[in-house]
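Trainee: I would like to learn how to read individual features of a structural model. May we work through one together?

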Amino acid sequence: MKAEQPRVVVITGGSRGIGRAVALAFAKEKAVIAILHYDPDEEAAQETVSLLARQGIEAESHKVDVSQKKDVDRIFSQIIERHGGIDVLINNAGITRDAFFMRMTEEQWDAVIQVNLKSVFNCTQAVIRNMMKNRRGHIVNISSVVGQIGNVGQANYAASKAGVMGFTKSVAREVASRGIHVNAVAPGFIETDMTAVLPEKVREAFLAQIPFGRMGTPEEVAEVVYWLCSEGASYLTGQVIHVNGGMFM
Ligand code: NAP
């Protein structure tokens, strides 16, 4: 693929929240954008596609459970065949299944590890050969401040997000010689559907830990993700960038 062609960008969990904001950030450069989502009610995904259409981007959306390797392989093969390659992968899809550890079920543990960590393995494996062949690529994995500092009721989530950090650093070391950048962004407390369900007391406890005294916006995370995939970040790989209003320093 020639350098002047638009970049092909795949964003998992691109239907809502941070993933949608990342898709809109890439719209600025008129990228070819594919969003992956899971909800059979396609409303959120369609809304993201419409928002991108208003920016002049004809985005595609694919319904796929990113924790299922075979399904992921199939969708990524289709995207690579249709567009000739993938330049940017944003591993953003994520879920929570919170419970105190004493009461955490195996199902809650497995679901979070599958969607938050196994999906990162699945999607990265599905693009890495193509990126190695092209000798370039950007992968940004969305981790969390919780993967760094832990959180009550989130042993499963924290383990998955700490796993993402270790994965990022290991793969970054393996593929740097092929011109591929692999970094992670660890958001703090961001205004999305994921945090909208938290009880008021929990929100207040989080806010008390944030020096900026407010939640972040999806756009504030998306700008950092976008920058990591830009020329300005050409000498960065294997890094975890914290975007958290000072919650963790
Ligand atoms: P969100 O608004 O709940 O959106 C989650 C996205 O993931 C949706 O697009 C959803 O698709 C997709 N998804 C969930 N399970 C999936 C599956 N099995 N296969 C494919 N897609 C799936 O979440 P968010 O707050 O934007 O979070 C995005 C990422 O940031 C997550 O990895 C999250 O852990 C991380 N994060 C968030 C915060 C925060 O405060 N919000 C903080 C730190 C880290 P559907 O729309 O189809 O359901």
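**Reading a strand residue and the cysteines**

Mentor: Let us begin with Thr12, which has its place in strand β1; helices (H or I, at least four residues) and strands (E, at least two) are DSSP runs, numbered from the N terminus. This is a predicted model, in which local features need pLDDT of at least 70 and side-chain atom pairs count only at pLDDT 80 or more, while totals for chains, interfaces and linings use all residues. Residues are numbered from 1 along each chain as its sequence is written, and side-chain values use heavy atoms, with hydrogens and water left out.

Trainee: Is Thr12 buried or exposed?

Mentor: Buried means under 20% relative accessible area, exposed over 50%, and partly exposed in between (1.4 Å probe, protein chains only). Thr12 is buried, at 1% relative accessibility.

Trainee: Which backbone nitrogen does the side chain of Thr12 reach?

Mentor: A polar contact is a pair of N or O atoms within 3.5 Å; within protein, one must be able to donate a hydrogen and the other to accept it, and residues adjacent in sequence count only if both atoms are side-chain atoms. Here the Thr12 side chain reaches the backbone nitrogen of Asn92 at 2.8 Å.

Trainee: How many disulfides does a search of the whole structure find?

Mentor: A disulfide is a covalent bond between the sulfur atoms of two cysteines. With the criterion of a pair of cysteine sulfur atoms within 2.5 Å, the search finds 0. Cys123 is in no disulfide, and its nearest cysteine sulfur, that of Cys229, is 15 Å away. Cys123 is buried, with a relative accessible area of 0%.
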